[in-house]
Amino acid sequence: MIMWRRIALFGGCLFLAVAVFGSIKAYSAKVKDADLSKTTPILLVHGTHGTANSFNGMISRIIATYGQSSDKVIITVKKDGTLVYDGTLSDKSKNPFIQVVFENNDAPIDQEAKWVDAVIKDIQNKYNVTQFDAIGHSNGGLALTTYAEKLADDAAPVMEKLVVIGTPFNDLDEEDNAATADFIDVANRTEALQDYIANNGNLDSKLQVLSIAGDLDDNRVSDGVVPVQSALSSRLIFANQVASYSEKIVTGSNAQHSDLHENTTVDAIVASFIY
(Lines give C-alpha, C1' and ligand atoms only; values in the text may rest on other atoms or scores of the structure.)
Protein backbone atom coordinates (compact mmCIF):
# COMPACT_ATOMS: atom_id res chain seq x y z
CA MET A 1 0.00 0.00 0.00
CA ILE A 2 1.28 3.47 -0.85
CA MET A 3 1.96 5.61 2.18
CA TRP A 4 1.04 9.17 1.31
CA ARG A 5 2.92 11.99 2.94
CA ARG A 6 0.50 14.82 3.62
CA ILE A 7 1.07 18.47 2.87
CA ALA A 8 0.04 21.09 5.41
CA LEU A 9 -1.73 23.91 3.65
CA PHE A 10 -3.57 26.97 4.66
CA GLY A 11 -5.49 26.31 2.50
CA GLY A 12 -32.19 26.73 7.56
CA CYS A 13 -33.53 23.38 6.65
CA LEU A 14 -31.80 20.58 4.89
CA PHE A 15 -33.75 18.20 2.75
CA LEU A 16 -32.87 14.85 1.30
CA ALA A 17 -32.18 15.01 -2.42
CA VAL A 18 -33.52 12.39 -4.75
CA ALA A 19 -30.18 10.83 -5.62
CA VAL A 20 -28.44 8.41 -3.31
CA PHE A 21 -25.27 6.66 -4.48
CA GLY A 22 -24.45 3.70 -2.26
CA SER A 23 -23.72 5.14 1.15
CA ILE A 24 -23.41 8.65 -0.27
CA LYS A 25 -26.42 10.77 0.67
CA ALA A 26 -26.98 14.07 -1.10
CA TYR A 27 -28.50 16.96 0.80
CA SER A 28 -29.12 20.45 -0.52
CA ALA A 29 -29.17 24.02 0.77
CA LYS A 30 -30.23 26.87 -1.51
CA VAL A 31 -29.73 24.74 -4.60
CA LYS A 32 -32.05 23.49 -7.30
CA ASP A 33 -31.65 21.05 -10.15
CA ALA A 34 -30.58 22.55 -13.46
CA ASP A 35 -29.74 21.25 -16.92
CA LEU A 36 -26.02 21.83 -17.55
CA SER A 37 -25.76 19.40 -20.46
CA LYS A 38 -24.97 22.20 -22.93
CA THR A 39 -22.18 23.81 -20.93
CA THR A 40 -18.95 22.67 -19.27
CA PRO A 41 -18.82 23.06 -15.50
CA ILE A 42 -15.43 23.53 -13.84
CA LEU A 43 -14.78 21.27 -10.85
CA LEU A 44 -12.25 22.49 -8.26
CA VAL A 45 -10.59 20.33 -5.60
CA HIS A 46 -8.47 21.87 -2.84
CA GLY A 47 -5.34 20.47 -1.25
CA THR A 48 -4.71 19.13 2.24
CA HIS A 49 -6.21 21.34 4.96
CA GLY A 50 -8.07 23.31 2.30
CA THR A 51 -11.49 24.84 2.94
CA ALA A 52 -14.31 26.55 1.07
CA ASN A 53 -12.09 29.64 1.04
CA SER A 54 -9.28 27.93 -0.87
CA PHE A 55 -10.58 28.72 -4.36
CA ASN A 56 -12.98 31.58 -3.58
CA GLY A 57 -10.53 34.25 -4.67
CA MET A 58 -9.59 32.56 -7.93
CA ILE A 59 -13.23 31.89 -8.80
CA SER A 60 -14.26 35.49 -8.15
CA ARG A 61 -11.32 36.94 -10.07
CA ILE A 62 -11.79 34.67 -13.09
CA ILE A 63 -15.53 35.38 -13.27
CA ALA A 64 -14.93 39.14 -13.00
CA THR A 65 -11.90 39.32 -15.31
CA TYR A 66 -12.65 36.87 -18.09
CA GLY A 67 -16.45 36.75 -18.19
CA GLN A 68 -16.58 33.19 -19.49
CA SER A 69 -18.17 31.69 -16.39
CA SER A 70 -21.18 32.54 -14.28
CA ASP A 71 -22.40 31.16 -10.97
CA LYS A 72 -20.88 28.68 -8.57
CA VAL A 73 -21.96 26.01 -6.13
CA ILE A 74 -20.04 24.51 -3.21
CA ILE A 75 -20.40 20.80 -2.48
CA THR A 76 -19.14 19.83 0.96
CA VAL A 77 -18.36 16.17 1.43
CA LYS A 78 -19.06 15.39 5.06
CA LYS A 79 -16.97 12.85 6.97
CA ASP A 80 -19.73 10.25 6.55
CA GLY A 81 -19.85 10.84 2.78
CA THR A 82 -22.98 13.01 2.82
CA LEU A 83 -22.94 15.70 0.13
CA VAL A 84 -24.16 19.16 1.16
CA TYR A 85 -24.82 21.68 -1.60
CA ASP A 86 -24.66 25.46 -1.16
CA GLY A 87 -25.28 27.84 -4.04
CA THR A 88 -27.63 28.28 -6.98
CA LEU A 89 -27.22 27.11 -10.57
CA SER A 90 -29.74 27.40 -13.38
CA ASP A 91 -30.17 26.26 -16.97
CA LYS A 92 -28.59 29.59 -17.94
CA SER A 93 -25.43 29.06 -15.88
CA LYS A 94 -22.38 29.31 -18.15
CA ASN A 95 -19.32 27.18 -17.35
CA PRO A 96 -20.23 27.34 -13.65
CA PHE A 97 -17.70 26.56 -10.94
CA ILE A 98 -18.42 23.53 -8.76
CA GLN A 99 -16.15 23.67 -5.74
CA VAL A 100 -15.58 20.43 -3.83
CA VAL A 101 -14.76 20.78 -0.14
CA PHE A 102 -13.77 17.86 2.08
CA GLU A 103 -14.86 18.15 5.71
CA ASN A 104 -12.07 15.67 6.46
CA ASN A 105 -9.44 17.65 4.60
CA ASP A 106 -6.57 15.39 5.61
CA ALA A 107 -7.93 12.11 4.24
CA PRO A 108 -5.85 9.66 2.17
CA ILE A 109 -5.71 10.40 -1.55
CA ASP A 110 -7.58 7.22 -2.48
CA GLN A 111 -10.45 8.24 -0.19
CA GLU A 112 -10.55 11.76 -1.66
CA ALA A 113 -10.66 10.25 -5.14
CA LYS A 114 -13.69 8.16 -4.12
CA TRP A 115 -15.39 11.30 -2.82
CA VAL A 116 -14.63 13.06 -6.11
CA ASP A 117 -16.22 10.11 -7.90
CA ALA A 118 -19.33 10.41 -5.71
CA VAL A 119 -19.59 14.14 -6.45
CA ILE A 120 -19.25 13.59 -10.18
CA LYS A 121 -21.96 10.92 -10.15
CA ASP A 122 -24.23 13.22 -8.17
CA ILE A 123 -23.82 16.26 -10.43
CA GLN A 124 -24.41 13.99 -13.41
CA ASN A 125 -27.76 13.05 -11.88
CA LYS A 126 -28.68 16.46 -10.47
CA TYR A 127 -27.49 18.70 -13.30
CA ASN A 128 -27.32 16.34 -16.28
CA VAL A 129 -23.59 17.07 -16.58
CA THR A 130 -22.08 15.33 -19.62
CA GLN A 131 -18.60 16.87 -19.58
CA PHE A 132 -16.51 18.96 -17.18
CA ASP A 133 -13.11 20.54 -16.69
CA ALA A 134 -11.19 20.11 -13.43
CA ILE A 135 -8.68 22.11 -11.41
CA GLY A 136 -6.77 20.62 -8.48
CA HIS A 137 -4.35 22.36 -6.15
CA SER A 138 -1.64 20.29 -4.48
CA ASN A 139 -3.09 16.97 -3.27
CA GLY A 140 -6.34 17.94 -4.97
CA GLY A 141 -4.48 17.32 -8.22
CA LEU A 142 -3.53 13.87 -6.95
CA ALA A 143 -7.16 13.10 -6.08
CA LEU A 144 -8.30 14.13 -9.56
CA THR A 145 -5.53 12.13 -11.24
CA THR A 146 -6.38 9.07 -9.15
CA TYR A 147 -10.02 9.49 -10.14
CA ALA A 148 -9.10 9.81 -13.83
CA GLU A 149 -6.90 6.71 -13.76
CA LYS A 150 -8.82 4.38 -11.47
CA LEU A 151 -12.46 5.42 -11.08
CA ALA A 152 -13.72 7.18 -14.21
CA ASP A 153 -15.69 4.91 -16.53
CA ASP A 154 -17.58 5.14 -19.81
CA ALA A 155 -20.83 6.02 -18.03
CA ALA A 156 -19.29 9.04 -16.25
CA PRO A 157 -19.23 12.61 -17.56
CA VAL A 158 -16.11 13.21 -19.64
CA MET A 159 -13.23 15.10 -18.02
CA GLU A 160 -12.13 17.25 -20.96
CA LYS A 161 -9.41 19.37 -19.35
CA LEU A 162 -7.37 18.93 -16.18
CA VAL A 163 -5.25 21.59 -14.47
CA VAL A 164 -2.93 20.49 -11.66
CA ILE A 165 -1.33 23.26 -9.61
CA GLY A 166 1.68 22.57 -7.37
CA THR A 167 0.82 18.87 -7.28
CA PRO A 168 3.47 16.62 -5.67
CA PHE A 169 3.39 13.63 -8.03
CA ASN A 170 6.83 12.54 -6.77
CA ASP A 171 6.28 13.54 -3.14
CA LEU A 172 8.31 16.19 -1.31
CA ASP A 173 11.82 14.88 -0.72
CA GLU A 174 14.42 17.04 -2.44
CA GLU A 175 16.71 14.03 -2.75
CA ASP A 176 14.09 12.35 -4.95
CA ASN A 177 13.71 15.50 -7.03
CA ALA A 178 16.90 16.97 -8.48
CA ALA A 179 17.01 20.76 -8.53
CA THR A 180 16.27 21.24 -12.21
CA ALA A 181 13.16 21.68 -14.31
CA ASP A 182 14.88 20.37 -17.45
CA PHE A 183 14.79 16.64 -16.86
CA ILE A 184 13.99 13.40 -18.61
CA ASP A 185 13.40 11.51 -15.38
CA VAL A 186 13.37 12.32 -11.67
CA ALA A 187 16.29 11.48 -9.41
CA ASN A 188 14.25 8.68 -7.82
CA ARG A 189 10.72 7.53 -8.63
CA THR A 190 8.69 7.25 -5.45
CA GLU A 191 6.18 4.44 -5.06
CA ALA A 192 3.38 6.94 -5.61
CA LEU A 193 4.81 8.17 -8.92
CA GLN A 194 5.43 4.62 -10.09
CA ASP A 195 1.78 3.81 -9.40
CA TYR A 196 0.56 6.79 -11.44
CA ILE A 197 2.82 5.80 -14.33
CA ALA A 198 1.69 2.17 -14.13
CA ASN A 199 -1.97 3.22 -14.44
CA ASN A 200 -1.65 6.02 -17.00
CA GLY A 201 -2.90 3.73 -19.76
CA ASN A 202 -6.37 4.16 -18.23
CA LEU A 203 -6.39 7.89 -18.93
CA ASP A 204 -8.82 9.19 -21.54
CA SER A 205 -6.77 9.71 -24.70
CA LYS A 206 -8.79 12.88 -25.45
CA LEU A 207 -7.91 14.52 -22.12
CA GLN A 208 -5.99 17.81 -22.19
CA VAL A 209 -3.67 18.46 -19.23
CA LEU A 210 -1.88 21.55 -17.91
CA SER A 211 0.61 21.27 -15.05
CA ILE A 212 1.61 24.44 -13.17
CA ALA A 213 4.61 24.51 -10.82
CA GLY A 214 5.72 27.26 -8.47
CA ASP A 215 9.35 28.34 -8.05
CA LEU A 216 10.28 30.91 -5.43
CA ASP A 217 13.50 31.51 -7.39
CA ASP A 218 15.57 31.19 -4.22
CA ASN A 219 17.88 28.47 -5.55
CA ARG A 220 15.73 25.71 -4.05
CA VAL A 221 13.73 25.18 -7.28
CA SER A 222 10.60 24.75 -5.19
CA ASP A 223 7.42 26.56 -4.21
CA GLY A 224 8.56 26.22 -0.60
CA VAL A 225 6.77 22.88 -0.19
CA VAL A 226 6.68 21.02 -3.49
CA PRO A 227 9.89 20.73 -5.57
CA VAL A 228 9.45 21.89 -9.15
CA GLN A 229 10.62 18.50 -10.38
CA SER A 230 7.97 16.73 -8.32
CA ALA A 231 5.23 18.96 -9.72
CA LEU A 232 6.52 18.52 -13.27
CA SER A 233 6.96 14.77 -12.93
CA SER A 234 3.42 15.00 -14.26
CA ARG A 235 5.14 14.79 -17.66
CA LEU A 236 6.10 11.19 -16.86
CA ILE A 237 2.41 10.41 -16.30
CA PHE A 238 0.53 12.39 -18.93
CA ALA A 239 2.88 13.11 -21.85
CA ASN A 240 2.20 10.82 -24.82
CA GLN A 241 -0.84 9.40 -23.01
CA VAL A 242 -3.35 12.21 -23.50
CA ALA A 243 -4.38 14.50 -26.35
CA SER A 244 -2.23 17.38 -25.11
CA TYR A 245 0.08 18.03 -22.20
CA SER A 246 1.68 21.38 -21.30
CA GLU A 247 3.59 22.92 -18.40
CA LYS A 248 4.05 26.35 -16.89
CA ILE A 249 6.42 27.47 -14.14
CA VAL A 250 5.39 30.54 -12.13
CA THR A 251 8.24 32.30 -10.35
CA GLY A 252 8.69 34.91 -7.65
CA SER A 253 7.51 35.45 -4.09
CA ASN A 254 3.87 34.94 -5.09
CA ALA A 255 4.72 31.43 -6.25
CA GLN A 256 4.67 30.11 -2.67
CA HIS A 257 2.76 26.83 -2.50
CA SER A 258 -0.33 27.96 -0.60
CA ASP A 259 -0.48 31.22 -2.62
CA LEU A 260 -0.48 29.66 -6.08
CA HIS A 261 -4.26 29.83 -6.34
CA GLU A 262 -4.11 33.47 -5.19
CA ASN A 263 -1.70 34.43 -7.98
CA THR A 264 -3.16 36.45 -10.86
CA THR A 265 -0.53 35.04 -13.21
CA VAL A 266 -1.88 31.59 -12.41
CA ASP A 267 -5.41 32.93 -13.00
CA ALA A 268 -4.42 34.03 -16.49
CA ILE A 269 -2.70 30.72 -17.31
CA VAL A 270 -5.70 28.72 -16.08
CA ALA A 271 -8.24 30.90 -17.88
CA SER A 272 -6.32 30.75 -21.15
CA PHE A 273 -6.19 26.95 -20.96
CA ILE A 274 -9.74 26.33 -19.74
CA TYR A 275 -11.50 28.78 -22.05
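These legends walk through several close-up views of one predicted model. Residues are numbered from 1 along each chain as its sequence is written. Since this is a predicted model, local features need pLDDT of at least 70 and side-chain atom pairs count only at pLDDT 80 or more, while totals for chains, interfaces and linings use all residues; side-chain values use heavy atoms, with hydrogens and water left out.

**View 1. The whole chain, before we zoom in.**
The chain has 7 helices and 10 strands. Helices (H or I, at least four residues) and strands (E, at least two) are DSSP runs, numbered from the N terminus. Of its 275 residues, 55% count as buried, where buried means under 20% relative accessible area, exposed means over 50%, and partly exposed is in between (1.4 Å probe, protein chains only). The accessible surface is about 11,700 Å², and carbon and sulfur atoms account for 48% of that. These areas come from the Shrake-Rupley method with a 1.4 Å probe; for residues, only the protein chains shown count as cover.

**View 2. Two nonpolar cores.**
A nonpolar core is a set of buried Ala, Val, Leu, Ile, Met, Phe, Trp, Tyr and Cys residues joined through side-chain atoms within 4.5 Å. In soluble globular proteins, nonpolar side chains tend to be buried together. Here the largest core holds 52 residues, and Leu43, Ile123, Tyr127, Met159 and Leu162 have the most contacts inside it. Helix 2 (residues 109-127) gives this core its largest share, 7 residues. A second, separate core has 20 residues, among them Phe97, Ile165, Val250 and Val270.

Which residues does Met159 touch, leaving aside neighbours within four places in sequence? The partners are Phe132, Ala134, Leu144, Tyr147, Ala148 and Leu207, with contact meaning heavy atoms within 4.5 Å. Met159 also turns up in the lining of the largest pocket: of 14 lining residues, Ala148, Ala152, Asp153, Met159 and Asp204 lie nearest the centre. Helix 3 (139-151) and strand 8 each supply at least two residues of that lining. The volume of the pocket is about 240 Å³. On a 1 Å grid over the protein atoms alone, a pocket is an open set of points where a 1.4 Å probe fits, with protein on both sides within 12 Å along at least five of seven lines; lining residues have an atom within 4 Å of a point. Points are joined across faces, edges and corners, and a volume is the space filled by probe spheres set on them.

Helix 7 (residues 264-274) has Val266, Asp267, Ile269, Val270, Ala271, Phe273 and Ile274 buried. Those buried residues pack against strand 3 (42-45), helix 1 (56-66), strand 7 (131-137), strand 8 (158-165), strand 9 (208-215) and strand 10 (244-251).

Beyond its neighbours within four places in sequence, Asp133 is in contact with residues including Thr40, Pro41, Ile42, Leu43 and Ile274. Leu44 is 89 residues away along the chain, yet the two C-alpha atoms are separated by 8.7 Å.

**View 3. Thr39, a loop residue.**
Thr39 sits in the loop between strand 2 (24-29) and strand 3, and counts as buried at 12% relative accessibility. Its side chain reaches the backbone nitrogen of Asn95 at 2.8 Å. Not counting residues up to four places away in sequence, Thr39 touches Ser93, Lys94, Asn95, Pro96 and Gln131.

**View 4. Two asparagines with positive phi.**
Asn128 lies in the loop between helix 2 and strand 7, with phi near 60 degrees. At 38% relative accessibility, Asn128 counts as partly exposed. Asn240 is in the loop between helix 6 (234-238) and strand 10, and its phi is about 70 degrees although it is not a glycine. Asn240 counts as exposed, at 79% relative accessibility.

Methods: A polar contact is a pair of N or O atoms within 3.5 Å; within protein, one must be able to donate a hydrogen and the other to accept it, and residues adjacent in sequence count only if both atoms are side-chain atoms.
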